[in-house]
Every structure is written in C-alpha cells, then in structure tokens.
Amino acid sequence: MKVTSAEFLKSAFKESDWPRDSLPEISFLGRSNVGKSSLINSLLGVRGLARTSSTPGRTQSLNFYTINGQFRFVDLPGYGYARAPKALKAEWGKAAEDYLSQREQLALSIHIVDSRHRPSKQDLELNAWLRHHRKPNLIVATKSDKLSRNELRKNIDSIALDFDNDEVIIYSATKRKGRDQLWSAIEKSLKS
Ligand code: GTP
Ligand code: MG
C-alpha cells in the first residue's frame, strides 16, 4: 500500500460522534500500552500522527484517521489498565464494544498483543467475542524487537496456541518488522 495521505479526522466518545460516511474501517485493539498507536504510526510511516505514550491509558476515545481518502484506521481505547477509575473503565469498554458490535463498515479488527507475554484473560475474552460475532480479525504480536530470536519463536508458539490461531503476525513498530505482511492482510480485507 502506498500511503499518499494520512489525516487525523476526529476523536469520538459516543456513537453520534462517529463519522457518517461509509468508508471501510480497520480497527486496532488491545491492552493499554501494548503499542497500538505506535503500530498505526509505523504502518503509515508518519511519526506522531497517533499519540503514543509511556503512560498507559493514553488513548481514551476512538480516534479516526483517514488514509488516502479511501479508508480509515480506528485506534480504540486500550483495556486492562488497572489504575483507571471504575467509571472510566466502564466507559472505555462501552465505547469500544458499541463500535465493534454496531459499526457496519468495519472490515477488519487488528488485535494487538505483546510478543513478550501470554495473552491476558481480557485478550482471550475479546478474541472469543470477535469470533462468536464473526468479526474478521487478526492477531498481531508487537514489540518483537525486545526478544531474542529463540525467545520470540517460543512465545509466538504459545500465543498461537492460546488463541488457537496459527496466523499470528510478528511485528515491531521500532524496526518496522511485519509491516508488509500486515499491509497485505489489510488490503485483502478492504477488497473483500
Ligand atoms: P494506550 O493508548 O495507552 O492504550 O497505549 P498504546 O497501546 O497506544 O501504546 P503506545 O503506542 O502508546 O506505546 C506504548 C509504549 O510502548 C511506548 O513507550 C512505545 O514507544 C512503546 N512501543 C510501542 N511499540 C513498540 C515496539 O514495537 N517496540 C518497542 N521497543 N517499543 C514499542
Ligand atoms: Mg494509544
């Protein structure tokens, strides 16, 4: 994919704020601080477009980015940030769940996990939910640059087993590893 333009469109907290046209959308989800925004920036080759931070829970609303005027990336709030106030936690969950369950033009959900860790209970629940509702989804294990080759192979095998899915894409936002593979999957989902 040649990215000729990538623009932040808007932040949305509730359904009435979602963009009203029908451009296809690719959503990015995963635990707080897992590297969703960094992955979006590295895919697009635009540093700082999606806000990243070493403080977990940075992305609290749905952020819409329009790519090449043709499709959109949607950065969803991360889950599992233990220190978030209860009310906020519920709100984040609801914003994401409303979006995932109701958005008609959602073409693909990219579920991001950390290569270094086994999936959390919430990761597994989210995966089961996506499958149950027949939402096209893909597992991407990021931060792979933080592991040796052996550790990475071992961890990816466990992650694949935990999700019962052997198509885990190995990614690194800092090294831009896995970028071509992920773009092909995105392009395929936009065509179908
Ligand atoms: P929230 O929006 O808070 O849920 O976080 P997020 O999932 O968007 O994570 P973000 O992209 O902000 O990244 C969190 C931290 O991980 C930052 O300090 C990033 O620099 C770091 N990070 C993200 N991806 C990678 C990667 O592939 N490799 C390495 N080494 N660090 C990464
Ligand atoms: Mg983020």
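L100 counts as buried because its relative accessibility is 5%, where buried means under 20% relative accessible area, exposed over 50%, and partly exposed in between (1.4 Å probe, protein chains only). This is a predicted model, in which local features need pLDDT of at least 70 and side-chain atom pairs count only at pLDDT 80 or more, while totals for chains, interfaces and linings use all residues. Residues are numbered from 1 along each chain as its sequence is written, chains are lettered from A and ligands numbered from 1 in the order in which they are written, and side-chain values use heavy atoms, with hydrogens and water left out.

L100 sits in helix α2 (residues 86–102); helices (H or I, at least four residues) and strands (E, at least two) are DSSP runs, numbered from the N terminus. Leaving aside residues up to four places away in sequence, L100 touches S27, L29, L76, L106, S109, L126, W129 and K135, a contact being heavy atoms within 4.5 Å. L130 is 30 residues from L100 along the chain, yet their C-alpha atoms are separated by 8.5 Å.

Now to the whole chain. The protein chain has five helices and seven strands, which follow one another as β-β-α-β-β-α-β-α-β-α-β-α. Of its 192 residues, 48% count as buried. Among contacts with a separation of 6 or more, 75% come from residues 24 or more positions apart.

Two packed helices are described by the angle between their axes and the distance between the axes. For helix α1 (residues 36–44) and helix α5 (residues 179–191), the angle is about 90 degrees and the axes lie 10 Å apart. Here, axes are lines fitted to C-alpha atoms, for helices over the stretch in contact, and angles run from 0 to 180 degrees between N-to-C directions. So α1 and α5 are roughly perpendicular, the word for 65 to 115 degrees (under 35 is roughly parallel, over 145 roughly antiparallel, the rest oblique). On the α1 side, L39, S42, L43 and L44 meet R179, L182, W183 and I186 of α5.

What about the rest of α5? R179, L182, W183, I186 and S189 are buried in this helix. They cover an arc of only 125 degrees around the axis, so they are on the same side of α5; the arc is that of the directions from the helix axis to the C-beta atoms. The cover over these buried residues includes β2 (25–30), α1, β4 (71–75), β5 (106–114), β6 (137–142) and β7 (169–170). Turned away from that buried side, the other face of α5 carries the exposed residues D180, K188 and K191.
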